[in-house]
Amino acid sequence: MKDIQDISAFWKAHNNSDLVLATIVRKTGSAYRQPGAKKVISTYGADAGYLSGGCLEGEINRTACEGFSKLPFVKSFSTMSDEDRLMGYQTGCAGEIAILFERLPDYNQENVKTYLAYGLDDCAGVRVELDDQKLGQRHFVESEQDCEDDACFFDAAVRPVALNVIGAGPNSRPFSELCKTLGWQVRFLDYRPSEIDGAIQSPISEFHT
């Protein structure tokens, strides 16, 4: 949740820049992130989001910037490096991820729904075409079963998460900061307004008495 919110905010703040959306569409073996994970990269180097544990981020960013004129395209990245084994440390996974690179259009709420699958209320997600002739084309779908063939990827809808905390005493207050970190909403329910005031520590918090 939090990474999608950060990507959306970055996209909005850099709307006048050339931006690349990188999305994991396939995974073989083990990897830090699952299909559907995203990051956005500007051609001048700034970015938001992660697609690995840090081991591939530089290579992913270079691929996005150097291949900007060739978008969209899919490229695979391996986390099975013999060099890491020789140096005595591992990347933490042993697999391969396939990433779809594509140019982001202008920021607006409809494009946020289409490219990030965020804010969808009436469908299960987005079908992303992977066939060479239709690469990157998107359609809203009613179910994951609409994307069962290999020529597409199902980008599941990202929906807001809210945590209801009953009681706003001192023991409940850490939930506010925890939810802020996760990108969740937190609602404190308590009959004592003073305790609710003490529990609310971030603008994402809501309260009910």
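A surface patch is made of residues with over 30% relative accessible area and no salt bridge, like charges being joined within 9 Å and nonpolar side chains within 5 Å. In this predicted model, D121, D122, E142, E144, D146 and E148 form a negative patch of this kind. A nonpolar patch is also present on the surface, formed by F175, L178 and L182, and the structure holds four aromatic pairs.

**Surface patches**

- One of the members of the negative patch is D121, which is placed in the loop between α4 (109-116) and β6 (125-129).
- D121 has a relative accessible area of 73% and is therefore exposed, the cut-off for this class being over 50%.
- Together, F175, L178 and L182 of the nonpolar patch have about 240 Å² of accessible area.
- L182 belongs to helix α5 (residues 174-182), and its relative accessibility of 34% makes this residue partly exposed.

**Aromatic pairs**

- Among the four aromatic pairs, F73 and F101 are stacked, at 5.1 Å centre to centre with 25° between the planes.
- This pair links distant parts of the chain, since F73 lies in strand β4 (residues 73-78) and F101 in strand β5 (residues 95-103), 28 residues apart.
- F73 is buried at a relative accessible area of 18%, and F101 is buried at 0%.
- F101 also pairs with F77 in a tilted arrangement, with 6.1 Å centre to centre and 55° between the planes.
- The pair of F77 in strand β4 and F101 in strand β5 likewise links distant parts of the chain, 24 residues apart.
- F77 counts as buried because its relative accessibility is 1%.
- W11, Y107 and Y115 are linked into a cluster by ring pairs.

How values were computed. Residues are numbered from 1 along each chain as its sequence is written. This is a predicted model: local features need pLDDT of at least 70, side-chain atom pairs count only at pLDDT 80 or more; totals for chains, interfaces and linings use all residues. Side-chain values use heavy atoms; hydrogens and water are left out. Accessible areas come from the Shrake-Rupley method with a 1.4 Å probe; for residues, only the protein chains shown count as cover. A salt bridge is a side-chain nitrogen of Lys or Arg within 4 Å of a carboxyl oxygen of Asp or Glu. Lys and Arg count as positive and Asp and Glu as negative; His and the chain ends are not counted. The place of a charge is taken as NZ of Lys, CZ of Arg, CG of Asp or CD of Glu. Helices (H or I, at least four residues) and strands (E, at least two) are DSSP runs, numbered from the N terminus. Buried means under 20% relative accessible area, exposed over 50%, partly exposed in between (1.4 Å probe, protein chains only). Rings of Phe, Tyr and Trp (its six-membered ring) pair if their centres lie within 6.5 Å; planes under 30 degrees apart count as stacked, over 60 as edge-to-face and the rest as tilted.
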